[in-house]
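Hi,

Here is the structure I promised to send over. My notes on it follow below.

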2 protein chains.
Amino acid sequence: MLSERQMMILRAVVRDFTNTGVPVGSKTLAKQLPIHVSSATIRNELAALEEQGLIEKTHSSSGRIPSGEGYRYYVDHLVKPDPLRPNDIDVIQSSLGGDFHKIDEIISQSATILSNLTSYTAFTLKPELKDSRLSGFRLIPLGKRQVMAILVTDSGDVENQTFDVNEKVTGEQLEAVVRLINDQLVGLTLPEVLKKLQQDIPLKIANYLQSPEGFLDIFGDVLTRAAQERFYVGGRLNLLNFSQDSDVDSLKSLYAMLDKTDDIADVLGQPSDKISVRIGNEMTNDALRNFSLITATYDVDQHGQGMIAILGPTRMPYSRMLGIVGAFREELAKKLLDYYRFYDE
Amino acid sequence: MLSERQMMILRAVVRDFTNTGVPVGSKTLAKQLPIHVSSATIRNELAALEEQGLIEKTHSSSGRIPSGEGYRYYVDHLVKPDPLRPNDIDVIQSSLGGDFHKIDEIISQSATILSNLTSYTAFTLKPELKDSRLSGFRLIPLGKRQVMAILVTDSGDVENQTFDVNEKVTGEQLEAVVRLINDQLVGLTLPEVLKKLQQDIPLKIANYLQSPEGFLDIFGDVLTRAAQERFYVGGRLNLLNFSQDSDVDSLKSLYAMLDKTDDIADVLGQPSDKISVRIGNEMTNDALRNFSLITATYDVDQHGQGMIAILGPTRMPYSRMLGIVGAFREELAKKLLDYYRFYDE
DNA sequence: CTTAGCACTTGATTAGTTTGAGTGCTAAAA
DNA sequence: TTTTAGCACTCAAACTAATCAAGTGCTAAG
């Protein structure tokens with residue numbers, strides 16, 4: 001259990017360190033703190049905090065920096081989200097104010113805004129009814145040998161892919177396949193579709209197509225994309241700013257992660273109602289040891305729930321970041337509601 | 001004019017420096033060279049080469065490194081492409097051996113292969129009949145409020161985009177628009193289409209749609225994508241390996257460039273029949289000062305001409321890289337011919 | 001419980017040395 | 001005229017003290 005004063009000191013340590021990046025010593029604290037105590041007293045308290053594992057030294061005679069647990073305690077008990085700066089409000093309003101014709105444009109734009117506001121890397125996920133279902137499938141012949149496959153889900157996602165077919169495939173065959181898929185698969189959730197696609201469908205489809213493999217590849221491709229490709233990332237390059245003494249390898253693995261949607265999903269984790277902060281070692285991914293992740297969900301009424309997130313150095317100004325994320329989730333939800341309202345009625 | 005011996009020495013300087021990265025001195029050269037002369041003689045020759053601006057010192061008593069002009073002379077007169085390593089041949093064969101259903105898959109895969117072989121960043125452009133023309137346009141209603149726009153060019157490129165429309169737009173209106181576009185624009189080159197789109201079309205389209213602006217935005221969007229989005233990039237992350245003492249800013253501007261297709265097109269420049277090498281300062285782009293770019297075209301008979309390129313440090317082993325690029329362009333052309341042969345007949 | 005005082009630790013910075021690879025130049029040899 | 005041995009000189013890099021500043025823990029007194 002921490003005393004009032006210890007909390008005050010821990011808060012000051014975190015704030016000072018996240019601002020300056022320099023380990024903070026007893027004298028600095030004595031000057032900053034509102035109460036009037038000597039540096040020796042602070043030293044005693046610091047020793048106590050270190051005892052509890054909340055702060056640590058970089059070397060035996062250095063100032064203190066927060067430990068992972070220290071950050072945890074800070075965000076759980078001590079931090080208060082900053083109100084937005086007027087300037088930030090302007091940025092949000094003007095960037096999100098325009099006219100959009102696609103949900104995805106709003107979401108991807110959001111990732112950019114969020115990364116600009118924070119100067120970190122931002123993620124956005126579009127709102128989603130959970131367990132969205134396949135609601136339609138089409139094959140559209142485009143030229144002598146190109147066909148486009150389009151897949152629509154009941155949550156309004158559209159995925160498509162063009163591929164080349166051997167001349168021998170006729171329009172009727174394509175139509176038969178489309179009918180088959182619409183009959184058998186529409187209404188199922190995407191994972192169910194994927195499963196079925198590997199089991200009974202190939203046999204049936206073989207009646208219409210001589211070599212169904214290629215076709216099934218395509219369909220599976222489109223399908224997995226629809227199931228996964230829901231992330232937008234903004235400010236990728238901002239990761240470079242925190243490249244610890246240019247550790248190229250870990251940077252590479254970070255960037256590799258950003259390109260694998262599975263991994264991102266893993267990292268972002270399950271949505272929870274609150275704004276959640278995960279700190280360095282609390283994440284399974286090793287490359288994220290020196291990073292913190294702030295995630296928040298947003299609700300668009302019956303249109304489901306989405307997610308926004310920012311990834312920055314563990315040493316980030318949490319109060320400001322929490323303020324931004326908190327405010328932005330509201331703005332985004334509002335914007336999306338407007339959007340749906342316009343196109344729905 | 002260079003003597004035989006000076007050429008031999010310049011070649012050795014470039015080879016040694018590109019291999020080791022260390023400025024090379026007279027003693028080292030004396031040991032490596034096939035002729036038997038003393039280091040003092042070499043020193044005299046080095047002074048002569050420096051006189052001509054082909055090599056330079058990093059400081060007054062250092063060994064020599066090639067200057068921009070030195071590299072230029074080397075690739076123009078002295079280098080001979082290395083034959084491929086057996087291992088490299090395997091990599092190409094196996095990576096390009098599979099079955100593909102889209103040109104774009106082959107091209108994008110090629111960028112990956114090329115970056116793996118070289119451990120640099122690779123670019124690939126798909127073959128293209130110059131001045132490809134719009135050959136078809138469709139609007140496909142997908143749900144109550146979603147429409148997909150598809151655009152096909154006579155070179156087989158397909159671009160599409162989904163957008164949301166206000167309920168008020170009816171199927172007939174859409175069809176009217178499609179008819180209009182197919183009547184007026186099909187057969188024109190893409191730049192012509194873009195131009196016309198800004199002039200007379202808006203008036204006519206206003207007959208069918210109440211607010212044509214949004215729609216025209218979309219169309220223009222798809223169109224510019226079709227005109228531009230022909231590049232694939234492989235091994236982006238390899239740029240990190242050469243981050244000179246972690247100069248974050250120039251790295252950032254490099255990566256920003258990779259995301260702007262216009263810039264890439266600028267940098268790659270016009271196709272020429274030969275394999276071309278551009279060295280650091282020869283490129284207009286300032287961020288590329290320490291890089292070299294090797295570009296090569298490949299021909300797929302009547303299907304047009306494409307391009308491959310690799311971007312690496314000025315200090316790259318040119319003989320090996322030229323070997324790889326030279327061999328790969330052939331393999332790629334062969335593969336594409338096979339592909340077209342299969343789908344064409 | 002707080003605080004002044006003090007001895008001690010440590011990373012950073014600076015200046016001075018040494019080392020080694022390399023150069024240019026001169027004068028003799030080929 | 002070209003080549004070469006020899007030598008003085010240069011410079012970055014690596015190493016060594018020496019000093020500094022910020023900070024700590026501990027003790028003993030308030």
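**Domains and the DNA side**

Chain A splits into domain 1 (4–78), domain 2 (86–120 + 235–344) and domain 3 (134–228), with bounds taken from an automatic or database domain assignment. Between domain 2 of chain A and domain 3 of chain A, the C-alpha centres are 33 Å apart.

Before the rest, some housekeeping: this is a predicted model, where local features need pLDDT of at least 70, side-chain atom pairs count only at pLDDT 80 or more, and totals for chains, interfaces and linings use all residues. Residues are numbered from 1 along each chain as its sequence is written, chains are lettered from A and ligands numbered from 1 in the order in which they are written, and side-chain values use heavy atoms, leaving out hydrogens and water.

Now to DNA strand D. It has 20 residues around it, the closest being A:Ser26, B:Ser38, B:Thr41, B:Ser60 and B:Ser61 (near means a heavy atom within 4 Å).

Which element gives the most to the surface near DNA strand D? Helix 3 of chain B does, with four residues (helices are DSSP runs of H or I, at least four residues, numbered from the N terminus).

As for phosphate oxygens of DNA strand D, a polar side-chain atom of A:Ser26 lies 2.7 Å from one. For A:Arg64 the distance is 3.0 Å, and for B:Arg5 it is 3.0 Å.

Definitions and conventions
A polar contact is a pair of N or O atoms within 3.5 Å; within protein, one must be able to donate a hydrogen and the other to accept it, and residues adjacent in sequence count only if both atoms are side-chain atoms. Helices (H or I, at least four residues) and strands (E, at least two) are DSSP runs, numbered from the N terminus.
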